[in-house]
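Visitor: Walk me through this one, please. Keep it brisk.

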Amino acid sequence: MGRSGDGDIHAAFVEFRAKESDKCLSAQCLYCQSVRAKNTSRQRAHLLECPAYLNDMKEHNPDNPILHEAVNGTPTQHHTPAKTPKKRDLDTMITGFQGSTSSAPHSFPIPKPSLERDFQMSVQLNPKISVGPGIWGQRNWVSFISGHWNGRWGKGTVVPGGQDSQLIAPDLSTHIDANYLLQTHDHPPAFVTVKMDGWRVGPREILEKLEDPSQIDEVDPKTYSFRVYIHMETGDTRYLHLNTGMWVGSGVRRGTEGM
């Protein structure tokens, strides 16, 4: 059995192969960007002392077992069930109206949207194929070799054959339009289609390096923005909740890998 909090540890890191010749994977902390060899015990030790991670957990996930261990010195020994969303209360909505006159417009108490870390993915990419300049800009085609993913709702592989139709603007900003397929580790497995749309933007000199395979590993992910919106679809009854989910994410490039 895995130690309490192992799922939280894996969700806090993105795994990649620093060099194609490396036999072992490296892991980069998504909160402070530090890199270390993939090792659950060492990754746990890092998170116990990572201010960025602990501060984020205090604000967004106070029941996190790693945070509990950092504060109290001992890991949690119980399972914390997922929080049940509160149902809308009709009386609360009624009393939430603002304005004392019938002519004043009514205002509902609108819930604030929030983000929760949900899953991460690493994909091996083929060299890009230049389709050529079009009416909207330079069009590139990038296909997926393979990959893996893990998150709060499962883990599995990225099925070979996914593709990203990139559009490069004159300032080298890149629009991402990717479609690919996830396979879960269940028996039998489930298949989930993924539609990813977003932009990679930044200073021109940084974006030029990202287009150069010999320089891409030298680029600090903090010097550019790679943000995406993700929609998923499946007919598997075990994962129907994915059909109505909304995801936003950030990405980085490392050699031939996208994360």
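## Strands, helices and charges

Guide: Start in strand E11, where His-231 stands opposite Lys-195. Helices (H or I, at least four residues) and strands (E, at least two) are DSSP runs, numbered from the N terminus. Two strands pair if DSSP finds at least two bridges between them.

Visitor: What should I know about the model and the numbering?

Guide: This is a predicted model, with local features requiring pLDDT of at least 70 and side-chain atom pairs pLDDT 80 or more, while totals for chains, interfaces and linings use all residues. Residues are numbered from 1 along each chain as its sequence is written, and side-chain values use heavy atoms, leaving out hydrogens and water.

Visitor: How many bridges join E10 to E11?

Guide: Nine, and the two strands run antiparallel. E11 covers residues 225-233.

Visitor: And how many join E9 to E10?

Guide: 10, again with the strands antiparallel. E9 spans residues 174-184. A hairpin of six residues joins E9 to E10. Leu-182 stands opposite Val-192 in E10.

Visitor: Which residues are on the covered face of E10?

Guide: Val-192, Val-194, Met-196, Gly-198 and Arg-200. The uncovered face has Phe-191, Thr-193, Lys-195, Asp-197, Trp-199 and Val-201. In a regular strand, side chains alternate between the two faces of the sheet.

Visitor: Arg-200 is charged. Is it buried or exposed?

Guide: Arg-200 counts as buried, because its relative accessibility is 3%. The cut-offs: buried is under 20% relative accessible area, exposed is over 50%, partly exposed is in between (1.4 Å probe, protein chains only).

Visitor: Which residue forms a salt bridge with Arg-200?

Guide: Glu-211, with the closest N and O atoms 2.9 Å apart. A salt bridge here is a side-chain nitrogen of Lys or Arg within 4 Å of a carboxyl oxygen of Asp or Glu. Glu-211 lies in the loop between H6 and E11 and Arg-200 in strand E10, so the pair ties together parts that are 11 residues apart in sequence.

Visitor: How many salt bridges does the structure hold?

Guide: Eight. One of them joins the side chains of Glu-116 and Arg-152 (3.0 Å, N to O). Glu-116 and Arg-152 are 36 residues apart. Both are exposed.

Visitor: Now Arg-253. What is the nearest side chain of opposite charge?

Guide: Glu-211, 6.8 Å away. For charge, Lys and Arg count as positive and Asp and Glu as negative; His and the chain ends are not counted. Arg-253 is buried yet has no salt bridge. Its side chain reaches the backbone oxygen of Glu-257 at 3.2 Å. That is a polar contact: a pair of N or O atoms within 3.5 Å, where within protein one must be able to donate a hydrogen and the other to accept it, and residues adjacent in sequence count only if both atoms are side-chain atoms.

Visitor: Which residues does Arg-253 touch?

Guide: Leu-125, Arg-200, Ile-216, Tyr-224 and Gly-258, not counting residues up to four places away in sequence. Contact means heavy atoms within 4.5 Å.

Visitor: Switch to the open sheet. What is the order of its three strands?

Guide: E1-E2-E3, with antiparallel pairing. E1 (13-16) and E3 (35-37) are at the edges with a single partner strand each, so one side of each is left without a neighbour in the sheet. Four bridges join E1 to E2. Ser-26 in E2 is the bridge partner of Phe-16.

Visitor: Which helix packs on the sheet?

Guide: H2 (residues 40-48), touching E1, E2 and E3. Its direction makes about 150 degrees with that of E3. Axes are lines fitted to C-alpha atoms, for helices over the stretch in contact, and angles run from 0 to 180 degrees between N-to-C directions.

Visitor: What are the buried residues of H4?

Guide: Pro-65, Ile-66, Leu-67 and Glu-69. They pack against H1 (6-11), H2 and H3 (51-60). At the start of H4, a side-chain oxygen of Asn-64 comes within 2.8 Å of the backbone nitrogen of Ile-66. Gly-73 follows H4, with a positive phi near 85 degrees.
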